Amino acid sequence: MTRRTLAFFVCSPHSRTGVTTAARLLTDYYLWRNVGVEGFDTDVREPVYALFFPERTRVADLSDVKGQISLFDRLLVADERPKIVDVCHRSYERLFTTIAEIGFLEETRRQGVEPVVLFQTDATQSAANGALVLKTTWPDLTMSVIHNRGASPLGQDSLAVLARYPPSGKFVIPRLEAPVARALDDVGLSLSALMSDAPPANSFAVRNTLKSWLLPIFTQFQSFELRLELQSGKCLG
Amino acid sequence: MAKKPVKITKGAPAKGEPASQGRTAEAPVAASSAAVRPAVIVVGADKGGVGKTTIARAILDFLSLNDIHARAFDTETPRGTLHRFHPDETMIVDLTEPSDQMKIIDTLNTSQAKVSVIDVRAGGLSPALQALDEIGFFDAVKSGEFRFVLLHVIGSSISSLEEIAEIAPYVADANYFMVKNHVNDTTFFEWDPQTHAKYFEDVVTSGEITIPKLSELAYEQVELSGAPFSTFIANQDAQGRPAEHSFVLRGYVRTWLARVADEFERVGLLDLVGEKRR
């Protein structure tokens with residue numbers, strides 16, 4: 001059975017909601033499983049995601065057609081290597097406008113590529129509206145929301161806020177205590193390596209806390225991936 | 001070699017331009033008779049660099065996508081640009097030469113192609129219309145023997161408006177459209193209303209056609225490929241072999257061509273050439 005190649009768009013129309021963290025976690029999840037993965041950073045001003053994975057990411061300037069080619073033409077290659085796009089808030093509109101203009105989503109199905117939008121939640125109504133617009137525009141698009149409790153807490157009414165988003169899958173990234181969260185800023189820290197064999201440079205407490213934090217996140221990614229494979233199996237027979 | 005274009009999925013409608021600013025005639029009624037009268041579409045301008053051949057290429061694609069057999073004449077002698085993109089259906093001619101006029105006009109009724117597209121070289125529109133007038137073509141149009149559509153591609157400068165007075169005597173019985181071509185730039189056509197009105201005193205237009213902008217890189221790549229737009233979209237080279245054109249660029253060209261087709265449909269081009277969509 002042919003497996004569809006996954007193309008993830010981790011996105012938010014707003015800044016500082018945890019998009020890069022989610023893209024990094026997803027990338028490390030695949031690396032932890034020894035799955036080759038390719039990353040794309042759409043933030044040409046501050047390509048932080050690319051700093052974490054310099055060997056396997058490229059920066060794509062979506063305001064330029066050549067940048068669009070370097071992203072979308074590559075995403076359409078069905079090589080079973082997951083592709084992860086960190087869509088910064090500055091590139092959000094441009095990305096989805098281009099997707100519509102060039103008919104990208106229609107082509108993915110023909111090429112055996114499964115696009116997946118991972119929409120980063122925040123407490124604003126405009127973010128929820130953005131997710132609804134995407135789902136209305138492309139009803140067949142696989143979409144899940146990511147609730148990062150540390151980077152973008154939803155407050156007391158989190159359930160009510162989440163209810164504004166399209167009914168779809170949900171990932172929860174738990175909050176980390178500040179000292180441990182600061183350790184994440186180290187671009188030399190590989191979360192996949194940490195899960196496999198903890199680098200001795202980190203303190204025991206930090207290592208253990210990070211592992212405990214990562215495990216449920218990676219488990220959610222794994223469940224999601226399995227669910228997609230099952231759906232894919234139904235589709236492809 | 002025959003190149004089969006892809007069918008175009010219609011995209012979003014073209015960005016709205018205001019309705020014709022000149023006096024607008026009622027759209028001529030399409031023939032209802034079974035016998036289809038041959039149609040001639042002239043694409044021209046006296047000003048150079050306004051994109052006449054691009055429009056002619058888009059028309060050939062549009063007709064082909066609607067299963068309408070068309071032929072084309074390129075007056076850019078000796079080496080025609082239109083011929084480069086559509087070699088199979090294009091003949092290079094000199095419209096001022098009687099022998100070439102015969103190749104076009106005398107074969108209108110006998111050719112299998114019931115639509116003939118003439119791409120007039122820069123500076124050649126007025127002489128071409130004059131030549132057609134001298135051989136009695138416009139009388140034949142008036143008597144209903146042929147259909148005639150003139151697409152006058154205009155630039156944003158005032159000199160384009162000055163051309164209108166020169167061609168006015170020849171367009172009385174034509175379906176005369178002004179074409180604002182934005183394919184290579186974003187120049188905004190904004191003439192002073194009084195100036196505009198002055199130039200349109202003596203001419204009746206059937207409407208305006210607006211050609212939207214196409215990404216420069218996409219346009220360049222189609223140029224380099226030397227293939228029709230629809231062939232480029234289908235990811236084929238000029239010989240119809242599989243190519244490796246960027247999907248992004250093909251996507252831009254597909255959307256652009258769909259918008260251009262929307263414009264041609266909006267003005268009823270298929271009806272005007274006597275062909276309904278099949």
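Me: How many residues of chain A are in contact with chain B, and how many of chain B with chain A?
Reply: This is a predicted model, in which local features need pLDDT of at least 70 and side-chain atom pairs count only at pLDDT 80 or more, while totals for chains, interfaces and linings use all residues. Residues are numbered from 1 along each chain as its sequence is written, and chains are lettered from A and ligands numbered from 1 in the order in which they are written. Two residues are in contact if their C-beta atoms, placed from the backbone, lie within 7 Å. By that rule, the residues in contact are twelve of chain A and ten of chain B.

Me: Which element gives the most residues to the side of chain A that touches chain B?
Reply: Helices (H or I, at least four residues) and strands (E, at least two) are DSSP runs, numbered from the N terminus. The elements of chain A that give two or more residues to this side are H3 (65-75), H4 (92-102) and H5 (104-111). With six residues, the element that gives the most is H3(A).

Me: How do the residues on that side of chain A divide into nonpolar, polar and charged?
Reply: Ala, Val, Leu, Ile, Met, Phe, Trp, Tyr, Cys and Pro count as nonpolar, Asp, Glu, Lys and Arg as charged, and the others, Gly among them, as polar. Sorted in this way, the side of chain A that touches chain B has six nonpolar, two polar and four charged residues.

Me: Why are H3(A) and H10(B) described as roughly perpendicular?
Reply: Axes are lines fitted to C-alpha atoms, for helices over the stretch in contact, and angles run from 0 to 180 degrees between N-to-C directions. Angles under 35 degrees count as roughly parallel, over 145 as roughly antiparallel, 65 to 115 as roughly perpendicular and the rest as oblique. H3(A) and H10(B), which covers residues 247-266, have their axes 8 Å apart and pack at an angle of about 115°. The two helices are therefore roughly perpendicular.

Me: Which residues of H10(B) make the contact with H3(A)?
Reply: The residues of this contact divide into six nonpolar, one polar and one charged. From H3(A) come A:Val65, A:Gln68, A:Ile69, A:Phe72 and A:Asp73, and from H10(B) come B:Phe247, B:Val248 and B:Leu249.

Me: How many of the 14 residues of H1(B) are buried?
Reply: A residue is buried if 20 or more other C-beta atoms lie within 10 Å of its own, exposed if 12 or fewer, and partly exposed in between, with C-beta atoms placed from the backbone. The buried residues of H1(B) include B:Ile55, B:Ile59, B:Leu60 and B:Phe62. H1(B) is mostly covered, and the number of its residues that are buried is twelve.

Me: How far apart are the end C-alpha atoms of H1(A)?
Reply: The expected span of a helix is 1.5 Å times one less than its number of residues. For H1(A), which has 14 residues (19-32), that should come to 20 Å, and the distance between its end C-alpha atoms agrees, at 20 Å.

Me: Which residue just after H1(A) takes a positive phi?
Reply: Most residues other than glycine have a negative phi, and most peptide bonds are trans. H1(A) itself is mostly covered, with twelve of its 14 residues buried. Just after this helix, a positive phi of about 60° is taken by A:Asn34.

Me: Is A:Glu80 buried or partly exposed?
Reply: A:Glu80 is found in the loop between H3 and strand E4 (83-87) of chain A. Although not a glycine, A:Glu80 has a positive phi of about 70°. Because A:Glu80 has 13 C-beta neighbours inside 10 Å, it counts as partly exposed.

Me: Which two residues of chain B are joined by a cis peptide bond?
Reply: B:Pro78 lies in the loop between strand E3 (70-74) and helix H2 (81-85) of chain B. The cis bond, with omega about 0°, joins B:Thr77 and B:Pro78.

Me: What is the mean pLDDT of chain B?
Reply: pLDDT is the predictor's confidence in each residue, from 0 to 100. In chain B, 79% of the residues reach 70 or more, and the mean is 82.
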